[in-house]
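Colleague: I am new to this one. May I put some questions to you while we look at it together?

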Amino acid sequence: MLSIIASPIGFATVILLFGIGALGSLFAGKRDKMANGWNGLFAILGSLGGILFSGSLLLSGQVVVFGAAWSSFPLISLAFNIDQLAAFFLFTISLISLFCSIYGVGYLKHFYGKYSIGAFGFFYQIFILGMLLVVTASNALFFLFVWEIMSIASYLLVVYDRRDANNIRAGFLYLVMTHFGTAFIVAAFLLLYRFTGSFDFAAIQSAAGAIPLSVKNAVFVLSMIGFGTKAGIIPFHIWLPSAHPAAPSHVSGLMSGVMIKTGIFMMIRLFLDLLQPVPEWWGLVVIVIGSVSALLGVLYALTEHDLKRLLAYHSIENIGIILLGVGSALTFSSLGMMSLAILGLVGALFHTLNHATFKSLLFLSAGSVIAETHTRNMEEYGGLAKRMPQTAGFFLIGSMAIVALPPFNGFMSEWVTLQSLFQGMIHLSATGRSIFIVAAGALALTGGLALACFVKAFASTFLARPRSDEASHAKESASSLRIGMGGLGALCLLFGL
């Protein structure tokens, strides 16, 4: 028997809009103009609804809990918990989806007559819907169901341009790695069920004190592998530099800007919420992983000549920076230093939002360049600042934000993260202090290398003389593409200020 606990109209409306958008796009099929218009309209409306709903929760401080349970299936329920953490991620996903969807209206015209725009629209809407459900689900089995929906929809978007064999290989690797990660997530949830008797997150939280420390440690390791694979931490990053460039550019922006953050969301949910209290070494391990991912991510990027692969490697770098904040918060929380834990978490969440804006902006700008030059090789660009001045300006804004130059947003969140690391140097014992010192050095070195990388990227792409016929005949992007990029560029400055 179905029992309804609550029915929040705002969230249901958002879900409905994306559902109508998906079904309508599928119905339009190969009627390209109709399918593109329908997909764009409902993606924009759904994103606006998500911004309004999540923004109202963040401003009011309300928590929305609701669900549906069946007596015939006691282990699974459509349980939702939209607290402040979930509302923050809902806001970030909706915000980036809005500008990527505006951009996509013009960008998808490049695929008219080649592939089904209706099929793309269906999977695009389901992909966004899946991300929204992932960060609001409050039952492990339901979470795994919507996690799989998000993963499969994103895979089908990665292989959308299926005439390129490289895209098919990238999609296959992504599919293998995402299910590799899911296997570890399933194992973690099964361990929690074994010792709590429930898959509901609220019940797990209530029983967390009775879970043996050895089991918590096992869940931590399994979760770091499972959710770290989705986030793209090293060494589980191998799918990311291939899959993100293969997808259409506004999908690349969503995958890099917000999808990989769902792994970060679940790390925060488990480690700082459901499983408290936790040992100090968890936070120190997260900081070490973050330092390695940040440093190696930017080093890999420095060697790239493929513009979108370069940006993909910088996603690994920035996930590492976010983990420095998460690890700081986890370390301080385990020692009862709650004000410092809040500082670390603010740095992590602020950089989550900031990275979503400037990385999406950079992918959209790169997509505009690639659409005009028909290549991702930066060696074949040059002189595009004269031919695509607005796109060049947007890419420059994104570049200054990602290398943490003030007054753009990347500087502020990296500064807060660095402050949390400095506090660790003061308040921790010798081992913890040493790890925080190395992490602060890694963050500083990462910033310098990122600056060198984007000087190369911007100069190779937009300055000097054209190095190919396509670059010499390039023209400025269409208006919807420029609106999408411009909105994100404005946010990079606004969040920084």
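Colleague: Which element gives the largest share of the lining of the largest pocket?

Modeller: That is α14, with three residues. Keep in mind that this is a predicted model. The elements giving two or more residues to that lining are α9 (240–246) and α14 (338–373).

Colleague: How much space lies in the largest pocket, and which residues are closest to its centre?

Modeller: The space is about 480 Å³. The lining has 19 residues, and Tyr107, Phe111, Asp161, Ile370 and Ala371 are the closest to the centre. By type, the lining divides into eight nonpolar, six polar and five charged residues.

Colleague: Why is the pair of Phe395 and Phe462 called tilted?

Modeller: Two values settle that. The ring centres are 5.4 Å apart, and rings pair if their centres lie within 6.5 Å. The planes stand at 50°. Stacked needs under 30 degrees and edge-to-face needs over 60, so 50° makes this pair tilted.

Colleague: What parts of the chain does the pair link?

Modeller: Distant ones. Phe395 is in helix α16 (residues 389–402), Phe462 is in helix α18 (residues 430–462), and they are 67 residues apart.

Colleague: How do you know whether Phe395 and Phe462 are buried or exposed?

Modeller: Buried means under 20% relative accessible area. Phe395 has 0%, so Phe395 is buried. Phe462 has 2%, so Phe462 is buried too.

Colleague: What makes Phe458 and Phe462 an aromatic pair, and of which kind?

Modeller: Their centres are 5.1 Å apart, and the limit is 6.5 Å. The angle between the planes is 35°, and the pair is tilted. Both residues lie in helix α18, four residues apart, about one turn of the helix. Phe458 has 15% relative accessibility, under the 20% limit, so Phe458 counts as buried.

Colleague: How many aromatic pairs are there by this rule?

Modeller: The count comes to 36. There is also an aromatic cluster, formed by Tyr103, Tyr107, Phe111, Tyr115, Phe120, Tyr124 and Tyr160.

Colleague: Which charged residue lies over the face of Tyr115?

Modeller: Arg163, at 5.0 Å from the ring centre. The distance limit is 6 Å. Another case is Lys230, whose charged end sits over the ring of Trp147, 5.4 Å from its centre.

Colleague: What does the side chain of Ser116 reach?

Modeller: The backbone nitrogen of Ala119, at 3.1 Å. Ser116 is in the loop between α3 (84–107) and α4 (117–134). Its relative accessibility is 16%, under 20%, so Ser116 counts as buried.

Colleague: Why does Leu26 count as partly exposed?

Modeller: Leu26 has 45% relative accessibility. Buried is under 20% and exposed is over 50%, so 45% falls in between. Leu26 is in helix α1 (residues 9–28). Leu26 and Trp38 are 12 residues apart in sequence and 9.9 Å apart in space, C-alpha to C-alpha.

Colleague: Where is Ala404, and what is its phi?

Modeller: Ala404 lies in the loop between α16 and α17. Its phi is near 65°, a positive value in a residue other than glycine. Ala464 also has a positive phi, near 65°. The place of Ala464 is the loop between α18 and α19 (469–472).

Definitions and conventions:
Residues numbered from 1 in each chain as written. Predicted model: local features only at pLDDT ≥ 70, side-chain atom pairs only at ≥ 80, totals over all residues. Heavy atoms only, no water. 1 Å grid on protein atoms, 1.4 Å probe; cavity = no way out; pocket = protein on both sides within 12 Å on 5 of 7 lines; lining within 4 Å. Points joined across faces, edges and corners; volume = space filled by probe spheres on them. Nonpolar A, V, L, I, M, F, W, Y, C, P; charged D, E, K, R; others polar. Phe/Tyr/Trp six-rings, centres within 6.5 Å; stacked < 30°, edge-to-face > 60°. Buried < 20%, exposed > 50% of the residue type's maximum accessible area, 1.4 Å probe, protein only. Lys NZ or Arg CZ within 6 Å of the ring centre and 35° of its normal. Polar contact = N/O pair within 3.5 Å; in protein donor to acceptor, adjacent residues only side chain to side chain.
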